[in-house]
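Work through these exercises with the sequence and the model side by side. Try each task before you read its solution.

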Amino acid sequence: MAIRAYDESYAGTVADNIGTMFEYAAGSGLDPVLYWGMFSASDVARQIERGNPRYLVGYSAAELLNLVINASMERTAPLSPESFFDRPVYYWAGWALARYQNYKGTSFQNINRLLPIERVLSMYDTLHEADITKFFAVADEYIAAHRGETNLKRIRTAAGLSQSQLAEKADVAVRNIQMYEQRRNDINKAQADILARLAKTLGCNIEDLFEE
């Protein structure tokens with residue numbers, strides 16, 4: 001399970017704010033793809049990822065929008081986007097990605113690299129009325145399909161071991177190995193003793209098993 005930077009009780013408020021911010025950005029005439037990339041790489045995103053209360057609940061959506069564009073585009077005149085509303089596809093995409101970021105405990109930038117905002121926007125028609133857990137599942141599947149093999153799988157295959165053989169030799173549950181190779185569990189956060197046994201069995205360093 002990922003370690004979340006802030007409590008689930010904040011998740012709805014944060015997601016609503018980020019969704020509205022993205023809707024404002026699109027409504028203000030900013031390129032949505034460019035803007036989401038700017039946001040994902042911004043200090044605003046970093047502060048949200050770290051659970052900074054001021055960024056979780058202390059700023060309005062319009063204020064977050066201006067913090068991002070002022071830092072990225074060196075603007076001095078703030079946008080006043082309140083009149084640019086009713087663009088639900090962008091609201092939903094921002095909302096869903098905010099929920100997903102908290103769920104995965106990773107960065108917006110990493111998510112955007114693996115799950116481009118264009119792809120998320122294309123999911124709107126089929127997923128916007130579904131429970132958020134459906135989006136989580138689809139996002140996980142997309143990332144797994146486009147990310148390539150994990151380091152664990154690559155090294156295990158090169159060593160000529162099946163999952164069950166590695167499990168037996170390293171004294172690690174085969175289910176754990178499966179979950180790491182499917183990226184359902186984050187190997188970077190695995191217990192030290194599990195990592196040590198896997199690395200010793202595979203003849204590699206623990207760091208070689210970590211994912212970017």
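Contact here means heavy atoms within 4.5 Å. Helices (H or I, at least four residues) and strands (E, at least two) are DSSP runs, numbered from the N terminus. Buried means under 20% relative accessible area, exposed over 50%, and partly exposed in between (1.4 Å probe, protein chains only). The model is predicted: local features need pLDDT of at least 70, side-chain atom pairs count only at pLDDT 80 or more, and totals for chains, interfaces and linings use all residues. Residues are numbered from 1 along each chain as its sequence is written, and side-chain values use heavy atoms, with hydrogens and water left out.

**Exercise 1. Find which residues of α10 are buried, and what covers them.**

Step 1. Locate the helix. α10 covers residues 132-147, 16 residues in total. From first C-alpha to last it reaches 22 Å, close to the 22 Å expected at 1.5 Å a residue. (The expected span is 1.5 Å times one less than the number of residues.)
Step 2. List the buried residues: Ile132, Phe135, Phe136, Ala139, Tyr142 and Ile143.
Step 3. (The arc is that of the directions from the helix axis to the C-beta atoms.)
Step 4. Recall the helix rule. An α-helix has 3.6 residues a turn, so residues three or four places apart point the same way.
Step 5. Turn to the other side of α10. Glu141 and Ala145 are exposed there.
Step 6. Find the cover. The buried residues of α10 are covered by elements including α6 (88-104), α7 (108-114), α8 (117-122) and α9 (124-127).
Step 7. Go just past the helix end. Gly148 has a positive phi of about 85°.

**Exercise 2. Describe how α12 and α14 pack.**

Step 1. Read the geometry. α12 (residues 163-170) and α14 (residues 192-202) pack at an angle of about 110°, with axes 9 Å apart. (Axes are lines fitted to C-alpha atoms, for helices over the stretch in contact; angles run from 0 to 180 degrees between N-to-C directions.)
Step 2. Classify the angle. α12 and α14 are therefore roughly perpendicular to each other. (Under 35 degrees counts as roughly parallel, over 145 as roughly antiparallel, 65 to 115 as roughly perpendicular and the rest as oblique.)
Step 3. Name the contact residues. α12 supplies Leu166, Lys169 and Ala170, while α14 supplies Arg197, Leu198, Thr201 and Leu202.
Step 4. Sort α14 by burial. Ile194, Leu195, Leu198, Ala199 and Leu202 are buried. Their arc around the axis is only 125°, which puts them on the same side of α14.
Step 5. Check the other side of α14: Ala192 and Lys200 are exposed.
Step 6. Identify the cover. Over the buried residues of α14 lie elements including α11 (151-158), α12 and α13 (174-181).
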